[in-house]
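Open the model and turn to its aromatic rings.

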Amino acid sequence: MNINYADNNHLVLMGKVTSEKRFSHEIYGERFFIFDMEVPRLSSTQDIIPVTISERLISEDTLQVGKKILIKGQFRSYNSYENEKNKLILTVFAKDIFSEDEIEKELGEQEGKEIVSNEVVLTGYICKKPIYRQTPFGREIADLLLAVNRAYNKSDYIPAIAWGRTARFCQNIEVGTEVKVTGRVQSRTYEKKFEDGTSETRVAYEVSIGSLEVVNQKEDEVAEDAKEAI
């Protein structure tokens, strides 16, 4: 069976470059860099999203700080081992990049469609029991972790957050259920507290879910694989 894994994970971001590129890693002679991108929300705030990009997609002035760009790609994760601890790292992986001069032409091809600056669509499996809670003001929230398959027997583990009636629905979804979610990538700061009483400000990245639908009911084998990988 031929599977197009690109259908499981695709993303569009439009915003401006907010940092210089920095070296990330090299694979088979191809170098990859990371830079930060500011993407506006509908409110007055912005999300600062890390983007990983191949040197082969970067032109001389594409990533100048302050430049407006459009990214098409995927939301990915990888494990980082630091101080004998496993840490899940989230990044946008760029497959195409469009400069400010190219954006109008690219968006022009979408005539009749709603233009979005931040959208991600994921099809994956629930790999941890969703955590449902309510805020002191009664707002309903559910935290999810999705295992999204990609080529070469790899998977991305993507945290997501649902709201309102979608959150209420998620509390009853079983581990191993395949779902399709549409939402946006967001950044969030939080305080990490340590046993010695100190704390550290950190940034988390996740998908804020706009819509969710069940594709297939749980698959036990997928759920077990996910537990091993995290």
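Arg 76 holds its charged end over the ring of Phe 93, 4.0 Å from the centre. Such a placement requires NZ of Lys or CZ of Arg within 6 Å of the ring centre and within 35 degrees of the ring normal. Lys 21 likewise has its charged end over a ring, that of Phe 33, at 5.6 Å from the centre.

This is a predicted model: local features need pLDDT of at least 70, side-chain atom pairs count only at pLDDT 80 or more, and totals for chains, interfaces and linings use all residues. Residues are numbered from 1 along each chain as its sequence is written, and side-chain values use heavy atoms, leaving out hydrogens and water.

Now the ring pairs. There are 2 aromatic pairs in the structure. Rings of Phe, Tyr and Trp (its six-membered ring) pair with centres within 6.5 Å; planes under 30 degrees apart are stacked, over 60 edge-to-face, the rest tilted. Phe 23 and Phe 33 have ring centres 5.9 Å apart and planes at 80 degrees, so they are edge-to-face. Phe 23 lies in strand S2 (residues 22–27) and Phe 33 in strand S3 (residues 30–40), 10 residues apart. Strands here are DSSP runs (E, at least two residues), numbered from the N terminus. Phe 23 is partly exposed because its relative accessibility is 47%; Phe 33, at 9%, is buried. Buried means under 20% relative accessible area, exposed over 50%, partly exposed in between (1.4 Å probe, protein chains only).

Phe 32 and Phe 93 have ring centres 6.1 Å apart and planes at 35 degrees, so this pair is tilted. Phe 32 belongs to strand S3 and Phe 93 to strand S6 (residues 85–98), 61 residues apart. Both are buried.

Terms used
Helices (H or I, at least four residues) and strands (E, at least two) are DSSP runs, numbered from the N terminus.
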